[in-house]
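Here are my notes on the structure you sent. They are set out as numbered points, starting with a question.

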Amino acid sequence: MNANTTLIQLLGALRDHLVVVEPAGEIVTVEASVIDGDMITVHLRGGRLAELAGSLLGWAYTLRTPTVTAWRVPDGEWVHVSVSGRLVDESVYVYGGVAFDPDIFGSDLQPGGRAGVALGVLRGWAGLGVAA
């Protein structure tokens with residue numbers, strides 16, 4: 001199977017997932033890659049943490065073995081909050097950005113640093129209406 005066929009299959013799997021499940025969040029970009037393994041990346045519109053967390057939670061509930069991560073970008077101003085997991089055979093990485101707030105993310109999250117986030121914490125961020 002060539003790379004073009006694999007890309008078409010990846011995008012088809014994402015399309016089918018979006019039609020059946022309709023996860024929340026406004027999608028800004030979608031990328032599919034076969035270079036480092038079959039991976040679909042979905043960039044959601046950022047903004048307020050509560051809205052992004054709610055959208056990511058919607059995605060997490062549709063993925064197999066979801067993992068949540070916070071990555072503070074190297075300049076330290078923003079944090080990418082992401083959910084990764086699997087559709088069926090395809091890996092999916094869904095993320096969006098919010099402004100860094102040490103009261104929310106903790107002062108231990110240094111620029112360029114990553115931290116795992118429990119699904120319960122993501123639920124809390126979505127439910128509390130925390131603005132970031």
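1. Among contacts in the protein between residues at least 6 apart in sequence, what percentage join residues at least 24 apart? The figure is 56%. Please keep in mind throughout that this is a predicted model.

2. Overall make-up. The protein has four helices and six strands. Read from the N terminus, the order of elements is α-β-β-α-β-β-β-α-β-α. Of the 132 residues, 37% are buried. The exposed surface comes to about 7,100 Å², and 53% of that is supplied by carbon and sulfur atoms.

3. The sheet. Six strands make an open sheet with mixed pairing, in the order β1-β2-β5-β4-β3-β6. Its edges are β1 (27-33) and β6 (114-117), each of which pairs on one side only. From one strand to the next, the twist averages 20°. Within the sheet, β3 and β4 run antiparallel and are joined by seven bridges. Arg-64 stands opposite Arg-86, a residue of β4.

4. Helix α2 on the sheet. α2 packs on the sheet and touches β1, β2, β3, β4 and β5. The direction of α2 makes about 170° with that of β5.

5. Nonpolar side chains tend to be buried together in soluble globular proteins. In this model the largest nonpolar core has 30 residues, and those touching the most other members are Leu-56, Val-79, Val-81, Phe-105, Leu-122 and Trp-125. Two or more residues each come from α1 (3-21), β2 (39-44), α2 (49-60), β3 (64-72), β4 (78-86), β5 (91-99), α3 (102-105) and α4 (119-128). α2 gives the largest share, seven residues.

6. Val-79. This residue is among the core members that touch the most others. What is Val-79 in contact with, leaving aside its neighbours within four places in sequence? The list is Ala-70, Trp-71, Arg-72, Gly-96, Gly-97, Val-98, Phe-100, Phe-105 and Leu-109. One of these, Phe-105, is likewise named among the core residues that touch the most other members.

7. Thr-65. Most residues other than glycine have a negative phi. Thr-65 has a positive value, near 45°, and is not a glycine. Thr-65 lies in strand β3. Is Thr-65 buried or exposed? Thr-65 counts as exposed because its relative accessibility is 63%, and the cut-off for exposed is over 50%.

Key. Residues are numbered from 1 along each chain as its sequence is written. This is a predicted model: local features need pLDDT of at least 70, side-chain atom pairs count only at pLDDT 80 or more; totals for chains, interfaces and linings use all residues. Side-chain values use heavy atoms; hydrogens and water are left out. A nonpolar core is a set of buried Ala, Val, Leu, Ile, Met, Phe, Trp, Tyr and Cys residues joined through side-chain atoms within 4.5 Å. Buried means under 20% relative accessible area, exposed over 50%, partly exposed in between (1.4 Å probe, protein chains only). Contact means heavy atoms within 4.5 Å. Two strands pair if DSSP finds at least two bridges between them. Axes are lines fitted to C-alpha atoms, for helices over the stretch in contact, and angles run from 0 to 180 degrees between N-to-C directions. Accessible areas come from the Shrake-Rupley method with a 1.4 Å probe; for residues, only the protein chains shown count as cover.
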